[in-house]
Each structure stands twice: as C-alpha cells, then as structure tokens.
Amino acid sequence: PVFVDTIQVSAIAERAEKALGDRVLLLPTLWLGSSHHHLDFPGTVSVLPSLYSQMIKSVANCILDAGFKRLLFLNGHGGNKVPAAQALSELVCESEKADDAYLLLCTWWELNPETYREGMEAEGVAHACEYETSLILALRPELAAVDQIREGPMALNNDWVKTEGPGSRVSVFRRFRRLTASGSMGKPTLATAQKGKRLLEAVTNDVIRLVEELAEWPELGAIGPDSTRSKH
C-alpha cells in the first residue's frame, strides 16, 4: 500500500511508547512526507522537500517552546531524510533554544542494519522489498497483494551504484519510474509474516534503548571558541 511507511513507523513508535510509559511523550505520526519522486505512481500524496523541511522546523519549534529539550524524530521514509536533516541543521543555527537541546533524527532501518539482516536473504532494505513486505505481512496482511508481486533486475548495479539495498558509493537522483515498473525493488517474494514480527521486535527494542540512553546523555554547554566573548 502507498501508506506503508506510515503504518510501519507508527507501529514501531507506538510499541516503544507502550514499553517506555510516561518517560516519553509520543506525537501523532506526520504522515504527509516528501514523496515527489513517487508521483508517477497513482495514489501518491506528497509535499516538496523544501515544504517538508518547514513542516519539521515548525513541529520542532512548537515542542521546544513547550519546554522539551530531548527530541527524537523517528523516520520511516527515505525521501524524508535529506529535508528533515536540513530542517534540523538550520534550526540549531538559527535558534539558541534549539542549540541548547538534543535534536535527533534517525531512520529505523539504519539503527542496527546488521542485526536486522538476521533471517533475511536480502542484504538490506530497498523499497517494498523483503523487509518492508514482511513488516506489512506482520502488521496489516490484508493490504499485501502477494499474488501480484512482480520482481525485476536492478536498474543500476555497478561499482558505484546499486539501486536495491545498501552498497552505493554515490547517490543518483531519478524518479522511481526509471528504477521500477511496479513500485517495488528488492525481493518481496521472500517476505513472510514471521520475518516481519522478528524485524518489528528488533527495531522497537533499538528505539527503546536509544530513548532510554538519550535521557542520560550529558548536557552540552558552550565550551568555545571563547567562553568570555560577549554576544553582539
């Protein structure tokens, strides 16, 4: 389904919140993301990367204004990574309040990729692949049309670029219609609900551990370039 990224990241975050209890405050998932590279596939709803950056900055500012100083943005969509990172990078340069806080951004499949590969045949997450299809089979099996799965070869596979999974040494920017006919990449035929349940548990445990440890990270006061320098 086109809503797969939201389903997955929400399930991870909600399970982590349940385990952490009142030690965390979980906001609703920001489902509208930066997906213009998928617009050729019907059903895609998206905002441009520049607007997504502004959305992230606005959300962060509201949380900071409420007094929170340790913010974790848990991402579930590859297209959000660059604009979200840009938003938070700009924010700490523009705002003393933001610079005085911890602003973290993580994408779930990058937290512990070697562990997530256990039991999987593919080297890593691609798009609607063994990993993502397994998660959907575990979470919402009625949405997975397994009888319609179509797999094709990598659009690019050379010393520099692999268009499925990890291993690329450079980034190539193309719309997905040039990379996949069906919208899926990788090996979704290898997906099972059992793999999805194991992956969901592993990722959730990593998010829980990250949040628990984040609560103990030391405050980072300004130590340079000159602590006696006046601010003008």
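The side chains of Glu219 and Arg70 meet in a salt bridge, with 3.1 Å from N to O. Glu219 lies in the segment after α7 (193–214) and Arg70 in strand β1, so the contact ties together parts that are 149 residues apart in sequence. Arg70 is partly exposed, because its relative accessibility is 27%. The model is predicted: local features need pLDDT of at least 70, side-chain atom pairs count only at pLDDT 80 or more, and totals for chains, interfaces and linings use all residues. Residues are numbered from 1 along each chain as its sequence is written, and side-chain values use heavy atoms, with hydrogens and water left out.

Some terms need their cut-offs. A salt bridge is a side-chain nitrogen of Lys or Arg within 4 Å of a carboxyl oxygen of Asp or Glu. Helices (H or I, at least four residues) and strands (E, at least two) are DSSP runs, numbered from the N terminus. Buried means under 20% relative accessible area, exposed over 50%, and partly exposed in between (1.4 Å probe, protein chains only).

How many salt bridges does a search of the whole structure find? The search finds 15. One of them joins Asp65 and Lys97, at 3.0 Å from N to O. This pair links distant parts of the chain: Asp65 is in helix α2 and Lys97 in helix α4 (residues 96–99), 32 residues apart. Asp65 counts as exposed, at 55% relative accessibility. Lys97 is partly exposed, at 44%.

Asp100 forms a salt bridge with Lys69, and the closest N and O atoms are 3.1 Å apart. Asp100 sits in the loop between α4 and β2 (102–107), while Lys69 sits in the loop between α2 and β1 (70–75), 31 residues apart. Both are partly exposed: Asp100 at 42% relative accessibility, Lys69 at 34%.

Next come the aromatic rings. Rings of Phe, Tyr and Trp (its six-membered ring) pair if their centres lie within 6.5 Å; planes under 30 degrees apart count as stacked, over 60 as edge-to-face and the rest as tilted. The structure holds 3 such pairs. Tyr102 and Trp217 have ring centres 5.3 Å apart and planes at 75°, so the pair is edge-to-face. Tyr102 lies in strand β2 and Trp217 in the segment after α7, so parts 115 residues apart in sequence are tied together. Is Tyr102 buried or exposed? Tyr102 counts as buried, at 15% relative accessibility. Trp217 is partly exposed, at 32%. Another edge-to-face pair is Trp108 with Trp109, with centres 5.4 Å apart and planes at 90°. Both of these residues are buried.

Trp160 has a charged neighbour. Arg169 lies over the face of Trp160, at 4.1 Å from the ring centre. A charge sits over a ring if NZ of Lys or CZ of Arg is within 6 Å of the ring centre and within 35 degrees of the ring normal.

Two backbone features follow. The peptide bond from Gly224 to Pro225 is cis, with omega near 5°. Pro225 lies in the segment after α7. Ala128 is not a glycine, yet has a positive phi of about 50°. Ala128 is in the loop between α5 (113–116) and α6 (130–139), and is partly exposed at 28% relative accessible area.
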